[in-house]
Amino acid sequence: GRRFLLAPSLLSANPLSVEASIARLGGEEDWLHVDVMDGHFVPNLTYGPGFVRALRARYPDAFLDVHLMVQPPEDFVDSFAEAGADLLTVHGEATPHLHRLLGRIREKGCAAGVSLNPGTPVEWIAPVLHLADLVLLMSVNPGFGGQKFLPEVLEKVTALCRRRAVRGESFLVEMDGGLGPDNVDLVVSAGCQVVVAGSAVFGAPDPAETLRRMRHSGEA
Ligand code: DX5
Ligand code: ZN
């Protein structure tokens with residue numbers, strides 16, 4: 001079967017009971033996806049570094065996948081790294097200094113990810129792919145959970161995977177937005193190694209069972 005990682009997004013968890021929401025994942029998660037929004041790069045507000053610090057203290061062994069939807073990301077990379085993020089993903093659209101920034105993220109001891117909105121072509125990040133540990137392709141316009149998957153993003157996965165093979169690069173491809181048991185198979189067969197899901201997991205009566213269903217479907 002095809003191997004991939006599941007990264008439930010805490011954006012869809014009840015903010016008054018995040019600990020209980022994480023417990024309901026039943027350990028079926030691989031990463032915890034943390035959506036940081038600044039009301040500027042995206043039209044919504046979520047967490048600061050204090051939330052990541054609290055997660056790190058409570059879950060020392062968790063892999064914290066921090067998706068920075070902020071502009072400019074250089075203002076926040078150090079504080080989220082020091083708070084305990086494992087992976088820091090910045091948007092290619094949010095900075096004119098992507099090359100320097102990916103280097104900075106690695107210097108701070110984190111894995112470096114670069115993300116693209118649905119309307120941004122993969123060519124935009126071609127010059128920095130050798131500096132990236134992960135490419136996060138948005139399959140909705142970022143800002144909110146519970147939106148519909150945009151299938152046009154699948155072409156980007158195919159293009160990135162082809163390029164990666166030709167050049168011998170090793171970044172992971174992650175997809176985020178509108179994913180769940182019904183379409184995980186589609187994106188994993190297109191080449192994704194990390195699948196984010198928010199509302200499909202935390203909106204389900206049994207989040208752990210939903211993750212198991214996603215794993216079976218994607219690995220088939
Ligand atoms: C959207 C966020 C996503 C969001 C996904 O801006 O980056 O991580 O939580 O939520 P669903 O899975 O509900 O589309
Ligand atoms: Zn996200």
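## Strand E5 and its partners

In which sense do E5 and strand E6 pair, and over how many bridges? In this predicted model, E5 and E6 (residues 134–138) pair in the parallel sense, over four bridges. Within this pairing, Gly113 stands opposite Leu134 in E6.

E5 also pairs with strand E4 (residues 87–91), in the parallel sense and over five bridges. Here His91 stands opposite Ser115 in E5. Between E4 and E5 the chain passes through helix H4 (residues 98–107), and this β-α-β crossover is right-handed. E5 spans residues 111–116, and five of its six residues are buried, so the strand is largely enclosed by the rest of the structure.

An unreviewed UniProt entry lists His33, Asp35, His67 and Asp176 under "binding site". These residues are spread over 144 residues of sequence, yet they cluster in space, with a largest C-alpha distance of 10.5 Å.

His33 belongs to strand E2 (residues 32–37). It has 26 other C-beta atoms within 10 Å; the threshold for buried is 20 or more, so His33 is buried. Leaving aside neighbours within four places in sequence, His33 is in contact with Ala7, Pro8, Ser9, Leu10, Asp65, His67 and Val196. Asp176 lies in strand E7 and counts as buried because it has 26 C-beta neighbours inside 10 Å. Not counting residues up to four places away in sequence, Asp176 touches His67, Leu136, Met138, Ser139 and Val196.

## The longer list of positions

Another "binding site" record from UniProt, also an unreviewed entry, includes Ser9, His67, Asp176, Gly178 and Gly198 among its positions. Where do Gly178 and Gly198 lie?

Gly178 is in the loop between strand E7 (172–176) and helix H6 (184–190). With 24 C-beta neighbours inside 10 Å, Gly178 counts as buried. Its contacts, not counting residues up to four places away in sequence, are Ser139, Val140, Gln147, Lys148 and Phe149.

Gly198 is in the loop between strand E8 (194–197) and helix H7 (199–202). It counts as buried, with 25 C-beta neighbours inside 10 Å. Leaving aside neighbours within four places in sequence, Gly198 is in contact with Ser9, Leu11, Ser12 and Gly145.

Terms used
Residues are numbered from 1 along each chain as its sequence is written. Chains are lettered from A and ligands numbered from 1 in the order in which they are written. This is a predicted model: local features need pLDDT of at least 70, side-chain atom pairs count only at pLDDT 80 or more; totals for chains, interfaces and linings use all residues. A residue is buried if 20 or more other C-beta atoms lie within 10 Å of its own, exposed if 12 or fewer, and partly exposed in between; C-beta atoms are placed from the backbone. Helices (H or I, at least four residues) and strands (E, at least two) are DSSP runs, numbered from the N terminus. Two strands pair if DSSP finds at least two bridges between them. A crossover is right-handed if, with the strands pointing away from the viewer, the path from the first strand over the helix to the second runs clockwise. UniProt positions are given in the numbering used here, feature names are shortened, and annotations may be inferred rather than shown by experiment. Two residues are in contact if their C-beta atoms, placed from the backbone, lie within 7 Å.
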